[in-house]
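Biologist: I have the sequence and the structure to look at now. Could we go through them together?

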Amino acid sequence: MPLKITNTLSRTKEIFVPIDQDNIRMYVCGPTVYDYPHVGNARPLIVFDVLFRLLKKIFPKSKVTYVRNITDIDDKIIEASRKLNITTSELTNKVLEDFHNDCDYLGCLKPTTEPKATDHLDEMINLITRLIDKGFAYQSSNHVYFAVSKFKEYGKLSNKNIKDLVSGSRVVISENKKEPGDFVLWKPSKENEPSWDSPFGKGRPGWHLECSAMSEKYLGKHFDFHGGGLDLIFPHHENEIAQSVCANDNQKLSNYWLHNGYVTIEKQKMSKSLGNFITINELKNNNNGQVIRLAM
């Protein structure tokens, strides 16, 4: 029986055809490790674990490479570490340990590779340099931005034009940008924030850039699956496509884009920002992880 995939990019169900029958490759956006994962965060863990298992079952003679990254440098991490009066490394190491315990509780297999953003700064700097050299990125006030207008297919994944995307979205407004929709690839760190040396100045990478650099390192410039929650379609995945395709002169980053739905409470998305969440850890004493898995 063929495997059918609902592809966000085409908005249709498609029969899965591997790029390389011997090595099926999948990248899934993993957690930003600043706090306990909640039940809504469990959904992508379970959904893509099921896909990983299914691919291994349907293609027993193929190698299935599953990469799920760890975002261990981010504004939320810096803010949380300050409130707790600990270093960002202390915070991310503790939360990552909790995250792995939650994955075990939910019966999820370990991914093939689980790269951390902070271990891949060289790859990120290299990617930014290529984008600047090709004319897709520019430097402004110690920042580096991707020029969205240079990529004619921007908005194809989310099926909207750039004006609609910027209005009411999580796009950061800044006078340093040439256009409102341009997104940051590198930014200067404030005093006492984690920072790294680069040709663009001392600072840290933008969130979107991290996934492009890590997926390229472990899966190549073009792979089979890219997944995550619905909230990542824009801006995160849209921006990943733009910077990866432009840096590598590719037609595509991934053939199949998969996005799981939200876990909701009273018709609202479960989220830390709304405060309507239950952590996976809170369920462990009174619930079997397999029950939670089945509910998802």
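Biologist: Phe 146 and Phe 183: buried or exposed?

Modeller: Phe 146 is buried, and Phe 183 is buried as well. Buried means under 20% relative accessible area, exposed over 50% and partly exposed in between, with a 1.4 Å probe and protein chains only. Please note that this is a predicted model: local features need pLDDT of at least 70, side-chain atom pairs count only at pLDDT 80 or more, and totals for chains, interfaces and linings use all residues. Residues are numbered from 1 along each chain as its sequence is written, and side-chain values use heavy atoms, leaving out hydrogens and water.

Biologist: How many aromatic pairs are there?

Modeller: A search of the whole structure finds 10 aromatic pairs. Rings of Phe, Tyr and Trp (its six-membered ring) pair if their centres lie within 6.5 Å; planes under 30 degrees apart count as stacked, over 60 as edge-to-face and the rest as tilted. One of the pairs is Phe 16 with Phe 59, which is edge-to-face at 5.7 Å centre to centre, with 85 degrees between the planes.

Biologist: Which parts does the pair of Phe 16 and Phe 59 tie together?

Modeller: Phe 16 lies in the loop between β2 (12-15) and β3 (23-28), and Phe 59 in the loop between α1 (39-58) and β4 (63-68), so the pair ties together parts that are 43 residues apart in sequence. Helices (H or I, at least four residues) and strands (E, at least two) are DSSP runs, numbered from the N terminus. Both Phe 16 and Phe 59 are buried.

Biologist: And how are Phe 146 and Phe 183 arranged?

Modeller: Phe 146 and Phe 183 are stacked, at 5.0 Å centre to centre with 15 degrees between the planes. The pair links distant parts of the chain, with Phe 146 in strand β6 and Phe 183 in strand β7, 37 residues apart.

Biologist: How do β6 and β7 pair?

Modeller: Strand β6 (residues 143-146) pairs with strand β7 (residues 183-188) in the antiparallel sense, over 3 bridges. Two strands pair if DSSP finds at least two bridges between them. Val 144 has Trp 186 in β7 as its bridge partner.

Biologist: What order do the strands take in the sheet?

Modeller: The open sheet has 4 strands in the order β5-β6-β7-β8, with antiparallel pairing. Its edge strands, β5 (137-140) and β8 (203-205), each pair on one side only.

Biologist: New topic: what lies over the face of Tyr 138?

Modeller: Lys 178 does, at 4.5 Å from the ring centre. A charge sits over a ring if NZ of Lys or CZ of Arg is within 6 Å of the ring centre and within 35 degrees of the ring normal.
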